[in-house]
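Here's a quick briefing to read alongside the coordinates. Have a look at the fold first, then go through the points below.

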Amino acid sequence: NNNNNNTSYAAMAKVYRLSSDSLLVHFTGSSNSFVLLSHNRAVHVPPPSPAPAFCIADACAVLGLHSLGGKQHLVVVSSVSQVAVVCGHPIYRIVAVEYVPVVEVEAPPPVKGKKGSLVETPMQEQLRLYATGGFYFAGNGFDLSQRCQAQSSLVGAQDAELPPHSGRGPHRDVLSSDRPFMWNAALRDELTRQGVMDLPMLACVVRGFVEGVTLPDSHPESGDTDIVLVARMSRPAPRPISTGEGLDDDGSVPIIEVETIMTSGDRVVSHLQLRGNLPLFWDDGDDSDCRSSGG
């Protein structure tokens, strides 16, 4: 019994156009908060009265703010498909993403390359990347970029196994870029730099694979058992990596984290596997000894 489905997903945010150079974002979830966006400025505001009427986007989730060449766009998820449920938290696969301009501008004309083919803009490249189907996020405040042991909603806030820079405690001002499995970290950080510090209302996106199945009546006491497989890829390193793999200049290595989560009643079991790529190159020296030449 597979719990994949394409059920509709209630919008978690509504985007309103207040003027040609400002947006109002209403997060309709548990936070029920409002954020006013203008050029290089984002602030929390009280509920407007009267309520704005011109809604330009119903968003399944908000990923953050994209800034390039002085132009800013709010990045929202416009279509999703539910693939699993972990302890009551639905997991969604991103189907489509939309870029909403903060300041209304005319779309630039397409740019042609040397051979007459259209040149893909960075924004178009990101839209195509998200449309590949390998990006996921969770609802109800669950952070899919963190393993189960770090989820305070599962193990309690005091017992959560937090990373060194988790956004809580003395490091709560640290940016999302410290989270290697969060692929929208730069978009979230852009909102943080402009003044929006209440980040739990934003989605935490991972790239990889997620799928869940249900084993009916598999436990004599709690009944059904849900099994969810979550495979997370770490983000590309900001510095070049030799041959695209291996160590970067800081000694970091690309990582794939595979977590198997089993839930039955109030019991949660998580098994984690890590894989990193560290290629080594060898050559023969003059004395015919095999020597390492780098990695």
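Where does Asp143 lie? Asp143 sits in the loop between β9 (135-138) and α2 (152-155). Keep in mind that this is a predicted model. The chain has 295 residues, of which 36% count as buried, and it contains 3 helices and 15 strands.

**Asp143 up close**

- Asp143 counts as buried because its relative accessibility is 12%, and the cut-off for buried is under 20%.
- If you skip its neighbours within four places in sequence, Asp143 is in contact with Gln151, Arg179 and Cys204.

**The whole chain**

- Take the contacts in the chain with a separation of 6 or more: 54% of them come from residues 24 or more positions apart.

**Nonpolar cores**

- The largest nonpolar core is made of 20 residues. Phe27, Leu37, Val62 and Leu74 have the most contacts inside it.
- Six names to look for here: β1 (13-19), β2 (22-27), β3 (33-38), β5 (55-59), β6 (61-68) and β7 (71-86) are the elements that give two or more residues to this core.
- β2 gives the most to this core, with 3 residues.
- What is Leu74 in contact with, leaving aside its neighbours within four places in sequence? The list is Val15, Leu23, Val25, Leu37, Val62, Gly64, Leu65, Glu98, Tyr99, Val100 and Val102.
- Another core, of 17 residues, lies apart from the largest one. Val75, Ile94, Tyr130 and Trp183 are among its residues.

**The five-stranded sheet**

- Which order do the strands follow in the open sheet of 5 strands? Reading across, you get β4-β3-β2-β1-β5, with antiparallel pairing.
- Strands of a sheet pair through backbone hydrogen bonds, either parallel or antiparallel.
- For β1 and β2, the pairing is antiparallel and runs over 6 bridges.
- If you want a residue pair to click on, Lys14 has His26 in β2 as its bridge partner.

Methods:
Residues are numbered from 1 along each chain as its sequence is written. This is a predicted model: local features need pLDDT of at least 70, side-chain atom pairs count only at pLDDT 80 or more; totals for chains, interfaces and linings use all residues. Side-chain values use heavy atoms; hydrogens and water are left out. A nonpolar core is a set of buried Ala, Val, Leu, Ile, Met, Phe, Trp, Tyr and Cys residues joined through side-chain atoms within 4.5 Å. Buried means under 20% relative accessible area, exposed over 50%, partly exposed in between (1.4 Å probe, protein chains only). Helices (H or I, at least four residues) and strands (E, at least two) are DSSP runs, numbered from the N terminus. Contact means heavy atoms within 4.5 Å. Two strands pair if DSSP finds at least two bridges between them.
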